[in-house]
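Let's take a walk through this one together.

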Amino acid sequence: MTTEDPPPIRRLADWDPAGLRDLAETYDTPLYVLDQGRVRENVANLQTAFHDEHVSYAVKANTVRRTLETVEDAGLDAECASAGEVQRAVDAGFSTVRYTAVNPPSEDLDHVVALHEAHPEIDLVVTIGAADTLDALAERDYAGPLAIRVNPGVGAGHHAKVTTGDAPKFGVPYDRVPDLADEIVERGYDLVGLHAHAGSGIHGEDDLAAHRELVARMGDLARDLDHDLDFLNVGGGLGVPYHPEQDPLDLDAVAEATRDAAGDLDAQLGIEPGRYVVADAGVLLTTVNTVKPTPETTVVGVDAGMTTLLRPAMYDAYHEIRSLADDADDRDEVTAMVAGPICETADVLGRDRRLPRPECRDVFAIGNAGAYGYEMASTYNSRPRPAVVSLDGTGETSVAVERETLSDLTRLEGQQ
Ligand code: PLP
């Protein structure tokens, strides 16, 4: 790293509170704010650390068109998990797209095969994670390149629900890969790569050890196959510090360890982070609706909840919460539970948080919300999804996704 490199992480405290308050005032809340300038910085940091490797963006972390365009322009390729993601990536201008098919529905295969035929200029690779997906593609006369998603038997991640490398759902069992590779080639397909993904949120020593083990196993497999490969992709999962006191990942060290573990390869080594590209480029703004002292804690009811940001309810994930009140420094602190408006006990964005004594109409900022935030939003409890505003990095702000309305909720029900 040189002194000109962008900072490794943008903390919630680094966002300008007055600027965020203005955005909440102008666009209302709940509101996602995405800074494309920071997305570019994250891409630059990845490109610097993984200078000899191929870096794709796992678009599932954030598929907002404006973000995809930024990532494409900054030079990454797209890794997609569904036909919808492939279409979004193509629409945003990506010309190299990997489609990693997870138990693909027929419609997904139909769509991707048709897209491959209609757009030969797009460098599309389909990565299969089950042998019978090969038959399904052959039935559709798919003639493009293929890769195999391997289940390496080694997983890692911030929560059991995102540890994939040892989950039988994902990938072809390690020992069966050589036979499937032979079959792919015998059936006339171009086998271009191998792929594996340990899990999401790789951060601590244990996770990094698992990542190295996965890469080493994949390196061995690539060398043992009787076929030449173009690439060996060892997945995404690079973690970000959600806790303010957590250190950022040492990206150079992870890159070095990845290279070392892979060993000598004829194929290009690649990674496909999602979260790392977008997490700290986003914050979620939410307004306090109610402040309720209870014997246990002060319950602060805000207008964003598990339908806006699912990660705390789904993964017990920690997101830093900061009051943007202009007199926050003058208020004494309380211990608070920050809860959403959804009728579920799990609808809590933060527990035991020390916050300047909250008042109704205060605005809170929730950090590291750029990855798997808007993307996992839903309309449960008939709550319209929030808007997303994009900061273009030069001071311009624009709406990237409109706020849903109550009538959007019933639009697909037609006239009844
Ligand atoms: N690649 C694959 C196959 C994945 O399933 C995922 C996440 O689910 C990713 C990459 C991206 O993970 P992350 O956003 O943690 O980098």
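How far is an oxygen atom of the ligand from a polar backbone atom of Arg275? The distance is 2.7 Å. Keep in mind that this is a predicted model, so treat that value as something computed from predicted coordinates.

Stay at the ligand for a moment. What does the protein leave uncovered? On its own the ligand would expose 390 Å², and the protein buries 92% of that. Around the ligand there are 16 residues, and the nearest of them are Ser200, Gly237, Glu272, Arg275 and Tyr372.

For α4 (residues 83-91) and α5 (residues 106-118), the angle is about 30° and the axes are 9 Å apart. Angles under 35 degrees count as roughly parallel, and α4 and α5 are therefore roughly parallel to each other. On the α4 side, the contact is made by Ala83, Val86, Gln87 and Val90, which meet Asp108, His111, Val112 and Leu115 of α5. Sorted by class, that contact has five nonpolar residues, two polar and one charged.

Last, the backbone. Most peptide bonds are trans, and most residues other than glycine have a negative phi. The bond from Thr29 to Pro30 is cis, though, with omega near -5°. You'll find Pro30 in the loop between α1 (17-27) and β1 (31-35). Asp352, in strand β15 (residues 348-356), has a positive phi, near 50°, without being a glycine.

Notes. Residues numbered from 1 in each chain as written. Predicted model: local features only at pLDDT ≥ 70, side-chain atom pairs only at ≥ 80, totals over all residues. Heavy atoms only, no water. Axes fitted to C-alpha atoms, helices over the stretch in contact; angles between N-to-C directions. Helix = DSSP H or I, 4+ residues; strand = E, 2+ residues; numbered from the N terminus. Parallel < 35°, antiparallel > 145°, perpendicular 65-115°, else oblique. Contact = heavy atoms within 4.5 Å. Nonpolar A, V, L, I, M, F, W, Y, C, P; charged D, E, K, R; others polar. Near = heavy atom within 4 Å. Polar contact = N/O pair within 3.5 Å; in protein donor to acceptor, adjacent residues only side chain to side chain. Areas by Shrake-Rupley, 256 points an atom, 1.4 Å probe, with all protein chains shown as cover.
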